[in-house]
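Please examine the structure below with its terms in mind.

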Amino acid sequence: MDRLRLPVNRSYSFRGIIIATTTAVSLIILLQGYLKYSSPRDDPYRCQALLHDRAWSPVASDGSRKPEPTDCRTVEYAGDGDPLQHCLQGQRIVFAGDSTMRQVFLAAVERLHSQAPAIIKDVLTGNELHQDLSFEAKGVKVDFIWDPWLNSSALNNALEASHALHLVTDEGVALEKDERSATAIILGAPGLWAARYGGDDYLRLFKRGIDNIKPYISANLDKSIPVSTSNIATQVLLAPVPVPDYGHLSLNRSRTITPKRIDEMNSHLAALPPDQGSHILWVYNQITADGLSQARKLDGLHDSKEVAARKLDVVLNVRCNTASSARSRTFEGTCCVASTRRISILYELATLSWVVLSVCLLPNLYPLTMKYKSLRQVGVIRAARVILFTLVWCRFCDGTRYVGKAERQYQQGSFKKLCLFWALACMASLAKRALPTDEQPPLDDGSSSSQWSIRTPSDMPSTQGSSEQMSDETSKGEAEAMRDPPGYRGPGYLSRDHSDEIKGLMQGFVLLYHYHDASQTLWAYKMIRLFISAYFYLSGYGHTLYLLRTKDFSPHRVASVLFRLNLLSALLPYMMGTAYDLYYFAPAITFWYLVTLAVVSVGRCKNRHPSVFLAKVFAAALGTEWLTTRPDVFEGFSRVMNTVFRMSVNPEELRSRLHLDRYVVFVGMLVAYFVHAASRRRALTLATLGHARPSWTPRRRRALHTLCAVFAVAFLVATQMHEGLDDRHAYDHVHPLVSWVPILCYVVLRTAHPALRDAHLALPAALGRVALETYVLQYHAWLGRDATALLTLGLDARWGRWGRCAEIVLFGTAFFGIAALTHRATDMLARRLTIRCFVVIFLGLWLGNIVLGW
């Protein structure tokens with residue numbers, strides 16, 4: 001029996017990673033449980049976050065801003081889209097109040113028919129302004145009742161016909177309704193008319209109007225939140241007294257509509273019981289509070305067209321955000337969405353997995369049982385547990401409502417400061433290479449350095465897949481392949497630490513880019529595109545160098561790499577209900593690995609001849625150019641994948657992703673070939689790519705480094721400032737042709753001096769080793785809703801900025817810790833993988849897709 005001892009790890013303290021990850025996960029679950037059950041009626045469906053808490057988004061590049069809830073996400077229901085029609089089909093919406101509420105009614109009419117508001121305004125101009133209006137289009141009926149005092153018989157009939165007093169039960173289920181009933185009634189508080197025409201009796205008249213509707217808002221709004229569009233209760237919403245722009249009111253209005261009167265009436269609404277107060281749209285006044293001159297028209301009282309549309313969006317999110325819609329991954333709304341019983345089961349499953357992580361992954365907290373025959377079996381079981389926990393954690397964070405989703409807000413100042421902080425932190429982690437050069441393993445998977453510790457011969461993957469130990473000859477061959485090129489330190493060379501460093505630098509900026517939603521800024525998009533191209537360059541470089549050194553083209557090797565690159569992206573769709581191509585990086589890196597494998601393996605006996613290898617690379621470049629430009633190739637591939645595997649693949653998205661980096665991979669392959677040739681011909685000079693024993697004069701080397709620096713700066717200046725590259729489409733057209741220039745320049749400058757070659761940045765190198773895992777897991781564990789929303793526990797609503805910082809620390813620690821553990825687990829499973837297991841896993845995923853597809 002093998003001795004049960006953990007392998008030596010010189011790079012990471014996995015015990016520390018496990019403890020930190022477990023602590024962060026524990027705190028997240030405990031905090032969420034405390035926040036949920038300490039005040040269960042606080043805001044379970046995040047309706048109050050929608051109706052009460054609203055902040056303005058940062059100013060966009062076009063100068064526009066939009067109000068956003070602080071603790072959930074809204075949906076914009078456009079009039080020409082299916083969601084609005086699906087939500088309101090066959091329904092009736094009633095607006096009642098004065099002319100300020102009529103503006104919201106006109107915004108609703110415009111959503112249904114863009115020309116209708118102008119027609120209605122013409123009717124109002126020619127007739128009495130104070131009249132009821134009705135409009136019907138696309139199966140939706142919208143009514144406006146002129147009732148500034150909330151005491152008309154028409155409004156009373158609408159409320160009675162809707163059975164608003166009896167439709168809501170304790171379970172929030174709607175009972176049978178009259179055909180004339182309205183599914184939503186939006187009322188405007190009678191404050192402006194009470195202040196204008198009520199004299200000194202304004203407050204009593206205002207209270208009388210509110211008393212008329214109190215019976216219809218007695219039940220908490222949460223009980224009327226719809227689970228589906230087919231079984232809904234009538235919702236009654238009350239807009240508060242609008243706060244006018246007092247400086248622009250007319251003289252007659254300013255005498256009666258005073259801040260004192262408006263504040264007194266709104267204070268009366270704020271003093272209503274919590275159940276009644278849950279129906280009040282306080283956000284209406286928050287929308288107009290900031291930037292009041294832009295929100296109001298010249299009369300200081302009525303809203304601008306844009307503000308009226310924003311107010312309508314609030315109503316539609318209350319009405320249309322159903323639990324059935326929220327089950328779809330394409331639905332982004334999280335405000336006013338009722339939970340279902342399935343969420344409780346998932347919550348218990350996540351809690352159980354947390355316990356499993358705590359108990360089974362801390363090796364020093366429980367004795368290893370002796371029923372396992374070897375440490376290999378223990379490692380495989382632990383690895384499988386980590387993968388299972390990772391999937392469940394993604395589901396818990398992004399598949400349930402126990403973790404909230406908030407809108408991302410781009411703030412250029414904060415984004416730049418954090419990028420600068422990341423760069424300075426990386427520079428501060430400068431360290432010498434941890435291992436002698438001869439002991440550094442190569443980039444054998446193209447995604448990250450696959451080993452976190454020095455592997456013993458028994459840990460090496462066998463080329464046969466069935467043998468337990470490698471022969472001495474194979475061990476020597478692997479050990480020789482793991483070494484750096486003997487004596488070669490030219491500019492084209494990249495050590496493992498340097499490659500991980502580049503990946504980590506890139507990945508840190510990418511995570512910040514997505515977290516701050518910086519994709520709306522062109523300069524940030526250009527930089528991120530360059531970083532991603534550098535990743536593909538390293539992939540082509542690493543795979544080519546490994547294959548040329550080891551000549552390992554065995555099926556086991558191919559299966560191991562494919563398994564490592566695609567495990568997460570193949571399993572997450574089952575857990576999250578997403579598609580494989582959502583995690584586009586894994587399909588793209590897999591495609592380029594297969595291309596590299598084909599180039600190096602075909603005619604490999606002739607690889608020593610540069611002309612032959614160059615011809616193969618050129619032919620492969622032409623082939624991929626043809627694949628990424630033909631309009632029917634990926635469409636056919638998508639149909640085959642859908643028919644055979646029941647997998648949904650977006651051909652346009654896949655084509656555009658591959659087309660953007662169609663040349664840089666081949667540049668990496670050529671550099672790797674010349675590096676390998678230089679390491680074999682130790683003293684032979686190879687152009688500008690370096691040589692084993694430098695023979696260039698210091699002047700020539702300085703000239704090369706100066707030229708690279710000039711080219712890199714010129715590239716950045718040209719791409720950022722050229723007028724012809726002022727939109728994404730123009731830049732995407734140029735990027736594939738020039739992206740390799742600054743990458744090669746950086747590689748040359750990175751290895752320009754022995755002091756630079758013998759040192760690396762430890763922090764980005766550590767992140768670079770788990771770059772693939774962090775890139776895939778960011779969709780659900782770093783961000784939410786497929787990387788389009790922020791994960792939140794609602795701590796910012798309680799503790800402000802410190803609460804948000806605490807959430808970032810907790811989710812960040814859990815994210816990076818789980819990514820590190822998942823990387824190690826995936827590597828463990830890949831090294832134990834056999835061809836038979838790979839085929840079984842492939843067939844299992846295939847059958848799973850077929851079953852779920854039907």
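Q: What makes D275 partly exposed rather than buried or exposed?
A: D275, a residue of helix 11 (residues 274-277), has a relative accessible area of 26%. Buried means under 20% relative accessible area, exposed means over 50%, and partly exposed lies in between (1.4 Å probe, protein chains only). Although D275 and N220 are 55 residues apart along the chain, their C-alpha atoms are separated by 4.3 Å. The model is predicted, so that local features need pLDDT of at least 70 and side-chain atom pairs count only at pLDDT 80 or more, while totals for chains, interfaces and linings use all residues. Residues are numbered from 1 along each chain as its sequence is written, and side-chain values use heavy atoms, with hydrogens and water left out.

Q: What makes the phi of D517 and of K551 worth noting?
A: Most residues other than glycine have a negative phi. D517 is not a glycine, yet its phi is positive, about 55°. K551 is likewise not a glycine and has a positive phi of about 55°.

Q: How do you know which strands belong to the open sheet, and in what order?
A: Two strands pair if DSSP finds at least two bridges between them. Strands (E, at least two residues) and helices (H or I, at least four) are DSSP runs, numbered from the N terminus. Here 5 strands form an open sheet in the order 4-5-3-6-7, with mixed pairing. Strand 4 and strand 7 (235-239) each have a single partner strand, so one side of each is left without a neighbour in the sheet. From one strand to the next, the twist averages 15°.

Q: What makes strand 4 and strand 5 a pair, and in which sense do they run?
A: They are joined by 5 bridges and run antiparallel. At least two bridges are required, and therefore strand 4 and strand 5 count as paired. A137 stands opposite V140 in strand 5. The two strands form a hairpin with 2 residues between them, and K138 in the turn has a positive phi of about 55°.

Q: How is the packing of helix 23 against helix 24 described?
A: Two packed helices are described by the angle between their axes and the distance between the axes. Axes are lines fitted to C-alpha atoms, for helices over the stretch in contact, and angles run from 0 to 180 degrees between N-to-C directions. Helix 23 (residues 585-601) and helix 24 (residues 610-629) pack at about 145°, with axes 9 Å apart. Contact means heavy atoms within 4.5 Å; among the residues that make it are W592 of helix 23 and F613 of helix 24.

Q: Which class is each residue in the contact of helix 23 with helix 24 assigned to?
A: Ala, Val, Leu, Ile, Met, Phe, Trp, Tyr, Cys and Pro count as nonpolar, Asp, Glu, Lys and Arg as charged, and the others, Gly among them, as polar. The contact has 9 nonpolar, 1 polar and 1 charged residues.

Q: Where does the model call for caution, given that pLDDT stays under 50?
A: pLDDT is the predictor's confidence in each residue, from 0 to 100. It stays under 50 over residues 164-179 and over residues 362-373. Where pLDDT is low, the predicted coordinates should not be read in detail. The mean pLDDT of the protein chain is 77.
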